[in-house]
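Dear colleague,

Please find below the structure that I am handing over to you. I would be grateful if you could read the notes after it with the coordinates open.

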Amino acid sequence: MGRELTRTEKTAIRRLVSKWCANYDRDCGCLPLDCECYMFGKCWTGAYCRYFREAVLPLDPALEAALLAEGPRPDFKVCPVCGRAVAPDGRQTYCSAACAKAAHRRQQREYMRKKRG
């Protein structure tokens, strides 16, 4: 049996479906089923819409890892610059080199302001 989805996971699923799913229409819902999208009411991990799992979910690798992993959800850290998920790999703090560079520039700016003042 699967685990219950967190609030952030539910929000991320809704955002992905409404933005990227080719089968979703705001007026009709799910076009192949001709009803409300199944993924919007999802509360537990387990069975997913096949199109969502194969075509839409890979667009968010952190969410994909959290939903498709067996066992308990790994604790992802949040990138302090952009807010995206960072896999718990040792001392890694930022999600990308660009975020690390932006954080370093901000820290240097604050250091120089403090030094001048």
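Predicted model: local features only at pLDDT ≥ 70, side-chain atom pairs only at ≥ 80, totals over all residues.

Residues are numbered from 1 along each chain as its sequence is written, and side-chain values use heavy atoms, with hydrogens and water left out.

Annotated domain

An unreviewed UniProt entry places the feature "domain: Cysteine-rich VLP" at residues 6–60. UniProt positions follow the numbering used here, feature names are shortened, and annotations may be inferred rather than shown by experiment. Over residues 6–60, the chain is 38% helix and 7% strand, and the end C-alpha atoms lie 16 Å apart. Helices (H or I, at least four residues) and strands (E, at least two) are DSSP runs, numbered from the N terminus.

Salt bridges

A salt bridge is counted where a side-chain nitrogen of Lys or Arg is within 4 Å of a carboxyl oxygen of Asp or Glu; the count comes to 3. In one of them, arginine 50 pairs with glutamate 54, with 3.7 Å between the closest N and O atoms. These two residues are 4 residues apart in helix H2 (residues 50–56), and are thus separated by about one helical turn. Arginine 50 is exposed, at a relative accessible area of 60%; the classes are buried (under 20% relative accessible area), exposed (over 50%) and partly exposed (in between), with a 1.4 Å probe and protein chains only.

Glutamate 54 also forms a salt bridge with arginine 53 (3.7 Å, N to O), and arginine 53 is partly exposed at 31% relative accessibility.

A further salt bridge joins glutamate 110 to arginine 106 (3.9 Å, N to O). Both residues lie in helix H4 (residues 97–116), 4 residues apart, or about one turn of the helix. Glutamate 110 is partly exposed at 45% relative accessibility, as is arginine 106 at 35%. Elsewhere, shared partners join Arg50, Arg53 and Glu54 into one salt-bridge network.

Burial of helix H3

Which residues of helix H3 (residues 61–68) are buried? Ala62, Leu63, Ala66 and Leu67 are. Seen down the axis of H3, the buried residues fall within an arc of 125°, so they line one face of the helix; the arc is that of the directions from the helix axis to the C-beta atoms. Helix H1 (7–20) and strand S4 (85–86) are among the elements that cover these residues, where contact means heavy atoms within 4.5 Å.

With kind regards
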